[in-house]
Amino acid sequence: MRKSGIEILRAVAMLMVVTLHVLGAGGILNALEPFTPKYYFAWFLEIISMCAVNCFGLISGWLMAQKAADYRRILRFALQVFFYTFCIWILTRLLGWHTASWQLILKSSLPHNTPLWYAKSYLLLLFLTPVLNAFVMSLEGKRLKWYFAVSLILFSLLPTVSAKDFFFFNGGYNVWWLAVLYVWGGMLKKLKADEKIRAWQLAIALVCVECASYLSKVLTEYLIFQKTGEYTAYGKWIAYTSPLIVFKAMILLLLCLKIRAGWLDRKCFRLLFASVFGVYLIHMNYVVNGRWITNKYIAYASIPGRMMAGYLVIRIVQIYGISLVLSVFLMLGYKGILKLWEKLMVNYKDVKKWRKKV
């Protein structure tokens with residue numbers, strides 16, 4: 001049984017994803033005047049949420065790196081992406097948000113054509129799991145610790161310090177970065193890090209990393225401004241591949257693993273948690289994203305600070321809530337399709353056995 005803390009982390013990480021999209025694609029970060037309270041608040045939300053993708057990658061490795069690879073997981077994921085995307089295209093057409101032909105809707109719903117980069121990358125990651133799992137399972141003792149430390153330096157620290165993409169991670173927006181996170185998640189589980197580090201130690205570490213991440217952005221920009229008299233954007237240490245963001249995701253994972261909430265294992269909560277990924281598939285659909293997010297919040301930069309903060313938080317919660325509710329209904333339909341397929345396969349096998357006897 002999955003630990004309830006992991007499911008909570010999934011839900012929180014998806015809220016972070018929505019926050020990142022509202023602030024970034026929504027246009028408000030680029031519209032705010034630097035060194036104002038509104039600027040500091042918006043970047044505070046951005047930096048807090050920056051570890052979302054890393055959390056998902058680590059969770060995948062923690063749950064699957066020591067299990068046998070299953071091709072059915074690939075098929076189920078591809079079917080979920082297709083089903084959700086197809087339904088959203090149909091719904092948005094019925095709402096009059098676009099006039100795409102049915103052929104284009106069908107073509108746009110295929111996983112390899114989806115504009116959702118994470119969905120495509122995760123689908124490729126599932127194909128790589130046999131190799132990644134074998135690698136993680138082969139590591140023991142000192143060799144495990146050595147690989148873990150060296151990989152952190154090689155794949156995170158050095159590229160960040162040098163500002164060079166040695167391994168073509170594209171800032172963390174591709175399957176290769178997800179594969180690295182997957183391996184780290186598996187390594188953390190083999191190291192039993194959740195048992196060796198106490199909750200209060202993790203909490204202190206989280207506060208320290210959050211402060212370091214935030215100051216690496218706003219303090220550096222302020223110092224540069226004081227020296228040159230010009231604003232220069234600086235965000236080298238708050239990318240997905242930054243050690244600060246990586247450590248923050250690891251700390252959150254280990255901290256959430258400390259959570260024990262048996263009541264979250266009820267059927268209704270399992271359905272809710274299973275629907276969390278659908279929030280991403282829904283709000284990042286090309287049409288929905290254009291209606292809800294892309295450059296929709298630039299005007300927030302011109303309203304008073306407290307009002308802007310309230311509007312932002314409310315809008316983020318709205319997008320998350322609406323997407324989650326819709327995802328629950330789609331998940332019920334998706335599960336129904338899976339059950340129907342299983343029944344058909346059972347009947348097919350029974351008919352096949354009957355023919356052999358005859």
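Which residue forms a salt bridge with glutamate 140, and how far apart are the closest N and O atoms? The partner is lysine 190, at 2.7 Å. This is a predicted model, in which local features need pLDDT of at least 70, side-chain atom pairs count only at pLDDT 80 or more, and totals for chains, interfaces and linings use all residues. Residues are numbered from 1 along each chain as its sequence is written, and side-chain values use heavy atoms, with hydrogens and water left out.

**Salt bridges**

- A salt bridge is defined here as a side-chain nitrogen of Lys or Arg within 4 Å of a carboxyl oxygen of Asp or Glu, and the count by this rule is five.
- Glutamate 140, in the loop between α7 (117-138) and α8 (141-162), pairs with lysine 190 in helix α9 (residues 175-190), so the contact ties together parts that are 50 residues apart in sequence. Helices are DSSP runs (H or I, at least four residues), numbered from the N terminus.
- Lysine 190 counts as buried, at 17% relative accessibility. Buried means under 20% relative accessible area, exposed means over 50%, and partly exposed lies in between (1.4 Å probe, protein chains only).
- Lysine 217 and glutamate 221 form another salt bridge, their closest N and O atoms being 2.5 Å apart. Both belong to helix α11 (residues 199-228), and because they are four residues apart they are separated by about one helical turn.
- An α-helix has 3.6 residues a turn, so residues three or four places apart point the same way.
- Lysine 217 is buried at 4% relative accessibility, and glutamate 221 is buried at 0%.
- Aspartate 70 and arginine 72 also meet through their side chains in a salt bridge, with an N to O distance of 3.2 Å. Arginine 72 is partly exposed, at 47% relative accessible area.

**Surface patches**

- Patches consist of residues with over 30% relative accessible area and no salt bridge, in which like charges are joined within 9 Å and nonpolar side chains (Val, Leu, Ile, Met, Phe, Trp, Tyr) within 5 Å.
- Two elements, α13 (267-274) and α16 (305-357), each give two or more residues to the positive patch. The largest share, three residues, comes from α16.
- Arginine 270 lies in helix α13 and counts as partly exposed at 43% relative accessibility.
- A nonpolar surface patch is made up of Phe135, Trp146, Tyr147, Val150, Ile153, Leu154, Leu157, Leu158, Val161 and Phe166, with about 860 Å² of accessible area together. Accessible areas come from the Shrake-Rupley method with a 1.4 Å probe.
- Helix α8 supplies the largest share of the nonpolar patch, eight residues. Valine 161 is placed in α8 and is partly exposed, with a relative accessible area of 47%.

**Covered helices**

- Helix α4 (residues 52-64) has 13 residues and should span 18 Å at 1.5 Å a residue; its end C-alpha atoms are 19 Å apart, which agrees. The expected span is 1.5 Å times one less than the number of residues.
- In α4, 13 of the 13 residues are buried, so this helix is largely enclosed by the rest of the structure.
- Helix α12 is mostly covered, with 12 of its 14 residues buried; among them are Pro243, Leu244, Lys248, Met250 and Cys256.

**Loop residues**

- Lysine 192, in the loop between α9 and α10 (193-196), has a positive phi near 55° although it is a residue other than glycine. Lysine 192 is partly exposed, at 46% relative accessible area.
- Asparagine 295 likewise has a positive phi, of about 55°, and is not a glycine. Asparagine 295 is located in the loop between α15 (286-292) and α16.
- Proline 115, in the loop between α6 (102-108) and α7, counts as exposed at 51% relative accessibility. From C-alpha to C-alpha, proline 115 is 8.2 Å from methionine 284, although the two are 169 residues apart in sequence.
- Tryptophan 237 lies in the loop between α11 and α12 and counts as partly exposed at 21% relative accessibility. Tryptophan 237 and lysine 142 are 95 residues apart in sequence, with 29 Å between their C-alpha atoms.
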